[in-house]
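Work through the exercises below with the model open. Try each task before reading its solution.

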Amino acid sequence: MLAAFPRMGHIDILLGDLLDRLGIDYLLPPVNSEKTLVLGAKYAPEFSCLPLKLNIGNFIEALELGADTLIMAGGRGPCRFGYYAEIERRILKDAGYDFNMITIEPPSLGFFKFVGPIKKVSGKSIRKIWRALKESFPKARAFDQLEKLVLKTRCYEIKTGATTKAYKKALDVLSKISGPKEVDGYLEEALALVEGVEKNLDRSVLKVGIIGEFFILLDPFANLDIEEWLGIRNVYLERSVYVTDWIGPTANNPVGGVSDTHLAKLAENYLSHFVGGEGLASVGHTIHYANQGFDGIIHLFPFTCMPETIAKTILPSVGRDLDIPIIHFTIDEQTGKAGVATRLEAFLDLLWSRKRQNEKKRLVKSRQLV
Amino acid sequence: MKVGYPQALLYYKYFPLWERFLGGLGAEVVLSGATTKNTVSMGTIAAESELCLPVKVFYGHLLELKDKVDTIFVPRFVSVEKKSYTCPKFLGLPDMIRSINDELPPLITPKIDLDKGWREYFRTIHELGSNFSSSKRKIFSAYRAGVLALRDYHNQLQAGSTPIEFLEKKKYRKVKKTGLKIGLAGHPYNIYDTYTSMNLIKRLREMGAEVETAEMLDDNIIKREAARLPKKLFWTYEKEVVGTVFHWAHTHSVDGIIYVLSFACGPDSLIQVILEHELRSDTALPMMSLVVDEHSGEAGLITRVEAFVDMLQRKKMAQLC
Ligand code: SF4
Ligand code: SF4
């Protein structure tokens with residue numbers, strides 16, 4: 001048996017580590033690229049969302065490389081992701097591939113639907129699976145913590161690209177983690193590498209929150225590497241979702257730092273019910289960032305994504321009430337980097353001029369006080 | 001009190017229930033009327049461009065009503081059975097509506113969430129009724145009358161009437177039957193809205209075809225057929241579409257299927273795969289998918305439908321010979 005799972009940012013760290021612990025052989029399909037997307041879009045229905053198209057592309061690449069077992073997450077809706085596995089199985093079977101599909105349902109659909117499939121492929125006991133899960137998580141969380149630091153500090157680097165370089169080194173350091181006990185040590189070393197990048201902390205930067213659909217936010221190919229693009233243009237970034245927060249068993253979001261209940265509370269006056277995916281969290285985070293004095297919000301999501309289209313409908317009123325500019329990007333296989341860059345440049349110009357004006361106002365006010 | 005009722009989305013499913021219920025409590029229920037070009041253009045201007053046509057149509061109906069009524073009925077349908085949901089757009093509908101720029105009258109937005117159980121549901125009904133009456137007995141007897149009206153509606157549909165004929169008392173001209181029967185699948189707000197569907201049912205009948213829809217089938221059959229999916233579909237209304245098409249595919253009780261879907265509809269994009277997968281063999285029933293949006297042209301649609309009906313007719317003749 002040779003298993004494979006889809007790519008999404010650095011989720012392979014978590015899943016790879018987990019499969020190693022469970023003694024399951026697997027191969028990693030190539031990271032998401034134009035090629036993956038073209039392949040996926042060829043088989044996936046036109047109005048399906050981008051993550052499905054990339055999943056299909058990953059699976060085809062994996063099957064061509066010799067995988068015979070595909071591992072996919074399940075779900076209970078209401079967003080489409082929960083039914084992806086079923087759809088992908090049909091699309092790939094209709095395309096003529098032969099394989100076995102393992103769907104891992106979230107524990108909320110019943111504990112056995114969650115561990116059962118893992119038990120079947122690994123032959124390990126539930127206790128062993130539980131332990132493996134507990135041991136794999138801290139490592140993945142370390143990757144998230146490192147990423148969070150990079151997003152916040154890249155804007156201060158003196159030499160352009162220095163943070164990205166240090167980040168790569170730091171990733172190698174984290175890869176050495178082989179068990180939970182080693183996490184703290186290596187994480188400290190990795191964070192120190194990024195912290196050690198020469199910085200100009202007096203530099204004036206823009207503070208921007210990135211919100212939206214989880215897959216787009218977590219996968220650099222899907223989001224056109226927008227974070228690095230912004231970081232080297234002096235934008236301090238915080239992001240609404242990280243890999244371990246997304247799959248984590250708690251609603252605390254330890255990396256992102258805001259709990260789901262708090263987000264729902266913040267969003268209440270604008271969106272008073274969950275709508276699947278990150279729809280509610282997107283509205284909640286916009287308000288959270290606005291309250292923290294951020295300069296602007298970037299909203300990213302796939303074309304036809306239901307929860308985020310709802311959020312997009314609602315966010316303009318949030319932006320108006322809290323006086324924070326929001327820019328939306330709907331992403332599909334036709335989205336080009338150049339077009340996104342042009343719109344982003346104009347957006348950053350707007351944020352800078354607002355910032356300058358606000359500073360002037362503040363200055364005038366303080367003079368009046370004197 | 002005048003309660004506006006937008007003639008869109010789940011109107012086709014539940015109108016008799018809410019009309020009788022609210023009416024029984026003394027409210028005057030005001031319908032927005034059939035969808036027109038004006039409805040669609042108003043909705044398209046007011047709604048976020050990426051929303052699906054049915055939601056834009058809902059916006060249009062709501063805007064047509066807003067100055068004529070004291071309040072508008074915009075329920076939040078979260079789930080209509082255990083462990084299921086409706087489309088996320090229904091979950092967020094009242095909030096989306098509230099973000100419209102125009103001045104709106106107050107909205108009545110009961111949350112229907114049957115996954116939470118009947119107790120919770122009846123609490124919602126009581127709360128909803130309390131807007132109109134303080135008597136618990138009156139509220140529940142009005143509700144019971146609503147349920148009976150809904151049952152009557154379902155019976156009429158199963159006897160072969162369409163929601164348009166029943167709700168709008170429209171009569172279709174009798175046409176000569178050719179013995180051809182077509183299964184029309186898709187969301188009720190797509191296939192029964194005469195504007196969105198470009199009067200598809202009427203046209204098919206005029207071409208001599210008998211039309212069957214999910215609403216005319218026994219619920220239990222649909223449920224049983226949908227249960228053949230290896231993983232239960234968590235959207236109730238889409239499960240109905242799948243169960244219906246599975247039933248036709250299984251029994252060949254129609255000659256062909258027309259599946260109407262909305263452009264950029266999330267659930268439709270996935271069930272399309274399920275339906276095509278089911279109907280992929282050579283002996284399977286022919287199915288045509290019709291994608292509708294605010295830009296679909298009438299001429300193109302008619303040509304396609306005519307060609308499809310012709311093809312089915314020829315196939316049927318060949319089988320008879
Ligand atoms: S959140 Fe949106 S894009 Fe992501 S899987 Fe769900 S519907 Fe698709
Ligand atoms: S099911 Fe499709 S057409 Fe209906 S509201 Fe949802 S997205 Fe729109």
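## Exercises on a predicted model

This is a predicted model.

**Exercise 1.** Find where ligand 2 lies relative to the domains of chain B.

*Solution.* 
- Start with the domains. Domain 1 (2-158) and domain 2 (163-320) of chain B both give residues to the shell, so ligand 2 lies between them.
- List the shell. It is made of Cys52(B), Pro54(B), Val55(B), Cys87(B), Lys89(B), His187(B), Tyr189(B), Glu238(B), Ser262(B), Cys265(B), Gly266(B) and Pro267(B).
- Assign elements. Two or more shell residues come from each of α3 (53-65) and α12 (266-278) of chain B.
- The shell around ligand 2 holds 7 nonpolar, 3 polar and 2 charged residues.

**Exercise 2.** Repeat the analysis for ligand 1: which domains give residues to its shell?

*Solution.* 
- Take the domains. Ligand 1 lies between domain 1 (3-124) and domain 3 (205-370) of chain A, because both give residues to its shell.
- Pick out residues. Among them are Cys49(A), Arg80(A), Tyr84(A), Glu213(A), Cys305(A) and Met306(A).
- The shell around ligand 1 has 9 nonpolar and 2 charged residues, with no polar ones.

**Exercise 3.** Describe the setting of Leu28(A): is it buried, exposed or partly exposed?

*Solution.* 
- Locate the residue. Leu28(A) sits in the loop between α1 (11-22) and α2 (34-43) of chain A.
- Check accessibility. The relative accessible area of Leu28(A) is 37%, so the residue is partly exposed.
- Look beyond neighbours within four places in sequence. There, Leu28(A) contacts Phe5(A), Arg7(A) and Asp12(A).
- Compare sequence with space. Leu28(A) and Ala3(A) are 25 residues apart in sequence, and their C-alpha atoms are 8.8 Å apart.

Key
Residues numbered from 1 in each chain as written. Chains lettered and ligands numbered in written order. Predicted model: local features only at pLDDT ≥ 70, side-chain atom pairs only at ≥ 80, totals over all residues. Heavy atoms only, no water. Near = heavy atom within 4 Å. Helix = DSSP H or I, 4+ residues; strand = E, 2+ residues; numbered from the N terminus. Nonpolar A, V, L, I, M, F, W, Y, C, P; charged D, E, K, R; others polar. Domains from an automatic or database assignment. Buried < 20%, exposed > 50% of the residue type's maximum accessible area, 1.4 Å probe, protein only. Contact = heavy atoms within 4.5 Å.
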